[in-house]
Amino acid sequence: MTTTETGSGAPDVLRYTAFSSDPDGGNPAGVVLDARGLDEARMLAIAAEVGYSETAFLTPPPDGDGGPGTHGGPDAAPGRGFTVRYFSPAAEVPFCGHATVAAAVALAERIGPGELVFATPAGTVPVTVAAAGGGLRATLTSVEPYVAGIGEGDLAEALAALGWQPGELDPALPARIAYAGARHLVLAAATRERLAALDYDFERLRALMLRLDLTTVQLVWREGESGGGAGTGPGAVFHVRDPFPVGGVVEDPATGAAAAAFGGYLRALGLVTAPAVITLHQGHDMGRPGLLEVELREDDPRVRVSGAAARIG
C-alpha cells in the first residue's frame, strides 16, 4: 500500500477527525500513510501547513525494509505494523492519541479492521479497530503510565498562567503530572463554570510547560457517575480541556494521550478501582464535541482509550 502524491511530489495528507463520528466534532488530525523520504524538517513543515494540532507520519516498522502494508512490526501480523511519528505545527511530540485513532481508522478503511501495532517514539502502541455504529472505532493501548508530583512553585505558576485561583481547584483530585506516552499536568476545576472560562497567558504557560516537559495541561471537571450521583467510581464522567501552547495551538479539541495519562492518574491515586470505564467529554466548549472512553483493567497497568473517527471531506 502506498499513498498517492500531488503533482508537486508532496505526500498526500489525509484528514480525519478522532473521537467523533461527525466530521465537525472531535479533534482533526492529518495522516500521511507513506512518509518515506520525509525528514524531520519536512514533516514539521507539512504539519504546520495542515494546521491541526497533530499530523501522524507512517513509515515501515522498525524491522521492515519495504513500504507500509508489506511488513509486520513487533508482535504485528504481516502488513499491520508501522512506525509512527507525530508533529504539531510547532514541534514533534512523543505520542498523540487522537492522531493514532485517526491513522488506525484510515488504515482500517484500506486494509481492513483488526489488530495494528504502532512503533512510536514513546514505545509500542497496539491498536484494535472494529466496526461500530455504522463506522469504525479504534482502541489504543498506552505504554505503561506513571504519576509524579509537582512542586508548589510550579503549581502556583501554572495557576497564575491560567488565571485560576487555588480555591477554584477540586481538592479531591490533587494536581499531579501524569504520563502514558507524554507528560500532562492534571488540574481539576471545582466547577463546570471554571472549566468553561478558559482564557490563559499563552506564552507564560508555554514557558512553564517547556521547562517541565509537558505536552498539554489536562484540565478536568468531575460531573459524576454514568449511572447518576457523584464520585470517581468505575462509571465516572468528566469534562476535560487541554491547552496546548507548546504545540503552537491554544487548545486541543480531544486529547487521547492526556486521556490515557488521566486514566493512569485516577488508578494511581486510588480514585478508581479497576476494572473501570471512564467517560470523558471534550471539545464542547470549542464547538467540536468529542467522546473518549478510558478503560482500566485489573490485570494490565496500561490504559486503553477508545473512540470513533471519520474522514473529513
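**Close-up views of a predicted protein model**

**View 1. The surroundings of Gly26.** Beyond its neighbours within four places in sequence, Gly26 makes contact with Thr17, Ala18, Phe19, Ser20, Pro253, Ala254, Arg288, Pro289 and Gly290. The model shown here and in the other views is a predicted one. Gly26 lies in the loop that joins strand E1 (14–18) to strand E2 (27–32). With a relative accessible area of 0%, Gly26 is buried, because residues under 20% are counted as such.

**View 2. Gln218 in strand E12.** Strand E12, which spans residues 216–225, contains Gln218. The relative accessibility of Gln218 is 1%, so this residue counts as buried. When residues up to four places away in sequence are set aside, Gln218 touches His184, Leu185, Val186 and Leu187, among others. Its contacts also include Val240, Arg241 and Asp242, as well as Ala258, Ala259, Phe262 and Leu280.

**View 3. The two faces of helix H3.** Helix H3 runs over residues 152–162, and its buried residues are Asp154, Ala158, Leu159, Ala161 and Leu162. These residues lie on the same side of H3, because the arc they cover around the axis is only 160 degrees. On the face turned away from this buried side, H3 carries the exposed residues Glu152 and Gly153. Gly163 follows H3 and has a positive phi, near 80 degrees.

**View 4. The setting of the close-ups in the whole protein.** The secondary structure of the protein consists of six helices and 17 strands. Along the principal axes, its C-alpha atoms fill a box of roughly 55 × 40 × 35 Å. Of the 313 residues, 58% are buried. Among contacts with a separation of 6 or more, 66% are between residues 24 or more positions apart.

**View 5. Surface and charge of the protein.** The protein has an accessible surface of about 11800 Å², and carbon and sulfur atoms account for 50% of this area. Its side chains include 22 positive and 37 negative ones. The centres of these two sets of charges are 1 Å apart.

Methods. Residues numbered from 1 in each chain as written. Predicted model: local features only at pLDDT ≥ 70, side-chain atom pairs only at ≥ 80, totals over all residues. Heavy atoms only, no water. Helix = DSSP H or I, 4+ residues; strand = E, 2+ residues; numbered from the N terminus. Buried < 20%, exposed > 50% of the residue type's maximum accessible area, 1.4 Å probe, protein only. Contact = heavy atoms within 4.5 Å. Areas by Shrake-Rupley, 256 points an atom, 1.4 Å probe, with all protein chains shown as cover. Lys, Arg positive; Asp, Glu negative; His and termini not counted. Charge placed at Lys NZ, Arg CZ, Asp CG, Glu CD. Arc of directions from axis to C-beta.
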